[in-house]
Amino acid sequence: MGYVATIGGEIAIEEALKRLTYERLKDERSLATQDMIAGMPRLIDIIMSEASLYDRPLAAIALKQAQGLPEEAVFLLRAYRSTLPRLATTQPLQPSSMTTIRRISASFKEIPGGQFLGGTPDYTHRLLDQKLAEETHADAQKFVAAYRAQCEEGFDPTHDRIDTNPLIFPEKVHAMLPSIQAVKKVGSPRNAFIDLTREPPKFPLPRSGRLQLLTRGQTGAVIAFAYALQRSFGELHPTVGELRVGQLTLTVPSPWPDETEGDDAYTIGDILVTEVETFFPTANLHGSGEKEHALAIGYGFCFGQNESKAIAMSMLDFALRHPHPEYPSTQEEFVLYHIDTLEASGFIAHLKLPHYVTFASLIDTLSKGEEKGHDA
Amino acid sequence: MHKAIDPAHSVNVSHQEDFTRQEDFTHQGNATYLVNATHQVNSHEPRDFKTSFAYLDELSKRAIRRAVLKAVSIPGYQVPFSSRELPIARGWGTGGLQLTLTTITDDDTLKVIDQGTDESVNAVSIKKFITQTSGVPTTIWTQEATIIQSRHRIPETPLREDQLLILQVPLPEPLRRYEPSEAMTRRYHAEGKYDGIWTLLLEDIIQHGHYHTSTDHPVLVHGRYVMAPSPIPRHDLAKLHQAANLTLFGAGREKKIYAVPPYTDVIPLAFFDVPLEHERITEKTCRLCGASGVYMDTWIDPQTGEVSYQCNDTAFCLWRRNHPNSPLPQSTKNIPSFSRDETKRPETYLSFTEGEKAPSSLTPLVRAMHVTVRYGEGCAHCRDKMHRLEHHSCPYCGTIYALRDVSFDLYPGEVLGIVGESGSGKSTLLNALALAIDQKNAKNARAAIPASHDHPHVDVRGDIRFAFYHGGQKNVLRASLQEKRRLQDVMLGVVYQDATQSLNMHLSALANVSEKLITLGLRDVRTMLERSKALLGKVQIPEERVKQPPRLFSGGMRQRVQIARALVTEPPLLLLDEVTTGLDLTVQASVLDLLRHLHLSEQLSMIIVSHDLHVIRMLADRTLVMFEGQIIEEGMTDQILDDPQKPFTQKLVRSLL
């Protein structure tokens, strides 16, 4: 018979998998994915944004399987994405054609088309609403019916009636600027468009590459790096020119173009996005220390409604164009190499793997030092 | 294993189907493979989804295979690739796994090991994933496998030509410890500039008496690229050298693939007089199979607490126990090392010194002609040097002129002083001579222009010739970046006001000085340390402090270390920028004494920038006076200081009194 290999590892993994499923189901309740889509839209937004995959039902499944751990849910979606070929590229989006559900400016009170608060927790008092523990589907239906009725009637005589027509603001706030101050032009990303899910990143990256990595960056990391810029490791205090949240329609060109009919494109659906343009004071220095003031624009864009991330992204977009040796958040490689959810959490988690060989070699090196003393 | 034949759809994604031309995406065998996304014990129906053979879609595999071909063609070079996300976490072997998934075929037999063992949980998990998605059989026997994916070990059984070894790599960049920026390390590889990593190895020896790298000791692949062999122990390094098999390295998180093709030289970086040694654990004897000279795990008896050792390669050990007469592998006895010729600097390294004649005192060592440094494009007005500027800058286009049309000569053995008020362009002139102004090294631009300014455009124009660069026949401003760096490394000794500009504050003074000798091509620890210690003694750094980093030194000591570093390659030209500024008077005196002594004893040519006229009087034979980026007066130092002709110089000299 002879000696045989042990198979402890395999059995342990089998049992760990069973245990994992047990821990997800041990209260003998299963969360319906449609409830997750309905009740946790912002979390789903974050998952889709970090996964670079816009699909609410799949994101809900991922989140359910991950037992609510965002980094794990993003991981599942990204791995799933790797099994799919790239079939088509959408035509460029025009955020000015967005069907808006919210649009604000911190720069001007009066903006073309007006501000539109939409649904936001910004001005709520964050008092824990313990009644939500008792909320039922019937309560939900009642509220929705009442709200819709109010919308039909018009809820405030001093305001226009809220109607169900789509709110589209073709003019951006930045269009107001040239009459006031010079806007610094930023090189168009169109000329150097790269797709970092298909091509390896090579630093320094063109702006299109930076924006891609920022928009799929981990929400917490993007916000933290931008906050450092604002607080003390940078000198940034931007003004939000325009923040808009809404639906954009995606179209792809026909794979069978018909030359007689010109541009032939298919609509493949709508996505909810957040778009931010922030304004930064900057200056051109002329002779004898004279400065010409100007404004530069930072750009933020992400899947779903995630306003802090989009604003933070716009700050990092500006900061990476203005590198400063003292401020890490202005350094391209420092920011872009470290904000990816999968890469950061994966490499941290790998510390749990056995390091028996490497550690033994390390011990050998360390003990050699002790024996020989420190003579050069 | 869960092979399901579904020839109708090679790619089955319902909501994208409308836009697929299926025939573009056909792949191996038209088969799709099922992956159990949830575990069998789940009470729900298992949700299977279909994937290509070996998980990845064929277009992704093609992209990865192209990177592999490139890697094999350029041994040791890190090929960037678009790393796909896998169901295994980043840092858990996704690079190796992508290589396995893209190279594996139906005919292969797979072995997966993690830290030497087939049964490690991660090895089991990876193996299971590959077999589920490909149906390829597995083995634990090295000699049966055609593809071996491994983390941090090379099997003890020697590999054959028909076997492929795939190593998982956490950190592919061997220079990362020296230089954090990827853009910079890629440039260093392109130029073959590996002084940094040798310096770190030397610092290990200075501080610990031996290499402190443990695993992942850097290797030179076939005389060209320095490569991280992945965290394999030193014991395994010998197995890469002239191996019969192809080894592929995959770093998924860092998105790099590299390769050691069969029969390639792989030599660990080690100095001649300090050889790299095997881990001593390889000297032990296996308690199970009796092997020695292989990598061991420590085994502690749970009852008695007695320590013994067993083979880390568990399959190798098991085979030996079942085949007691099988011989031990022979190939791993010695770690290969360089012969002295191999590390000699290639003749081409300083090719630009060819044509150099013995410098005669009549040929200028440095000839600067019409040197202009400006921030901005300039315009018709300011490009004409006859037109006036307003305080450095053009009143029409705003271009700032840090230097405008500066010309001078320096003769061998001469000391040239440059004086002027702050902002007159003294340091810019010195930086231009030190070849330290360019778009990439915008340090000076930042100082001149607020940080919020968008990408300052720095433009260096004119003509600078060095007698030691193509015999003074070529303009050094037109030299390639690589040539400029070599001139800086070897031919130009530069001492800055701010020591952090030239010294690495975290390496010992000894390593800081010796780095220049490494650049020269020395690979002998004893010779290097002797020369560096002698020079540090000459600049009066106490011997007991040479192992300390300069960040622990006073300002005067830092300047003296800088001077030692600048002089150790015996450069023909020394450039000094405000070297005594900010030092107290007694320290100033000692630094100046040192410089004067060096000048007198070695006949060193120097250019010294200072706003301190005492320094200039003490050192300089001849002096230039600068004002708003231009030379307004020049002559013998005594004449300039005692009988200044221009009103500004008179004011400058008067202010001294």
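In chain A, helix H5 (residues 70-81) packs against helix H11 (residues 341-349) at an angle of about 115°, and their axes lie 10 Å apart. The model is a predicted one. H5(A) and H11(A) are therefore roughly perpendicular to each other. The crossing of H5(A) past H11(A) is left-handed. On the H5(A) side, the contact is made by A:Glu71, A:Val74, A:Phe75 and A:Arg78. H11(A) contributes A:Thr341, A:Leu342 and A:Ser345. By class, this contact of H5(A) with H11(A) holds 3 nonpolar, 2 polar and 2 charged residues.

H5(A) also packs with helix H4 (residues 56-65) of chain A. The two axes come within 8 Å and cross at roughly 130°. That angle makes H4(A) oblique to H5(A). Here the crossing is right-handed. From H4(A), the contact draws on A:Leu58, A:Ala59, A:Ala62, A:Leu63 and A:Gln65. From H5(A), the contributors are A:Ala73, A:Leu76, A:Leu77 and A:Tyr80. The residues of the contact of H4(A) with H5(A) comprise 8 nonpolar and 1 polar, with no charged residue. An α-helix has 3.6 residues a turn, so residues three or four places apart point the same way. On H5(A), A:Ala73, A:Leu76, A:Leu77 and A:Tyr80 meet H4(A). A:Glu71, A:Val74, A:Phe75 and A:Arg78 of H5(A) meet H11(A).

Chain A has 376 residues, of which buried residues make up 40%. Contacts in chain A were also sorted by sequence separation. Among those between residues at least 6 apart, 65% join residues at least 24 apart.

Aromatic contacts were examined next. A search of the whole structure finds 13 aromatic pairs over all chains. One of them joins A:Phe225 and A:Phe334. Their ring centres are 5.5 Å apart and their planes meet at 50°, so the pair is tilted. This pair links distant parts of the chain. A:Phe225 sits in helix H8 (residues 219-231) of chain A and A:Phe334 in helix H10 (residues 332-336) of chain A, 109 residues apart. A:Phe225 has 18% relative accessibility and so counts as buried. A:Phe334, at 34%, counts as partly exposed.

In chain B, B:Tyr77 and B:Tyr225 form a tilted aromatic pair. The centres are 5.4 Å apart, with 55° between the planes. B:Tyr77 lies in the loop between helix H1 (58-73) and strand E4 (79-80) of chain B. B:Tyr225 lies in strand E9 (residues 225-227) of chain B, so the pair ties together parts that are 148 residues apart in sequence. Both B:Tyr77 and B:Tyr225 are buried. Elsewhere, B:Trp198, B:Tyr211 and B:Phe271 form one aromatic cluster.

Burial also marks helix H9 (residues 426-433) of chain B. Of its 8 residues, 7 are buried, so H9(B) is largely enclosed by the rest of the structure. The buried set in H9(B) is B:Lys426, B:Thr428, B:Leu429, B:Leu430, B:Asn431, B:Ala432 and B:Leu433. After H9(B) comes B:Leu435, whose phi is positive, near 60°.

Note on methods: Residues are numbered from 1 along each chain as its sequence is written. Chains are lettered from A and ligands numbered from 1 in the order in which they are written. This is a predicted model: local features need pLDDT of at least 70, side-chain atom pairs count only at pLDDT 80 or more; totals for chains, interfaces and linings use all residues. Side-chain values use heavy atoms; hydrogens and water are left out. Axes are lines fitted to C-alpha atoms, for helices over the stretch in contact, and angles run from 0 to 180 degrees between N-to-C directions. Helices (H or I, at least four residues) and strands (E, at least two) are DSSP runs, numbered from the N terminus. Angles under 35 degrees count as roughly parallel, over 145 as roughly antiparallel, 65 to 115 as roughly perpendicular and the rest as oblique. A crossing is left-handed if the near helix is turned anticlockwise from the far one by less than a right angle, and right-handed if clockwise. Contact means heavy atoms within 4.5 Å. Ala, Val, Leu, Ile, Met, Phe, Trp, Tyr, Cys and Pro count as nonpolar, Asp, Glu, Lys and Arg as charged, and the others, Gly among them, as polar. Rings of Phe, Tyr and Trp (its six-membered ring) pair if their centres lie within 6.5 Å; planes under 30 degrees apart count as stacked, over 60 as edge-to-face and the rest as tilted. Buried means under 20% relative accessible area, exposed over 50%, partly exposed in between (1.4 Å probe, protein chains only).
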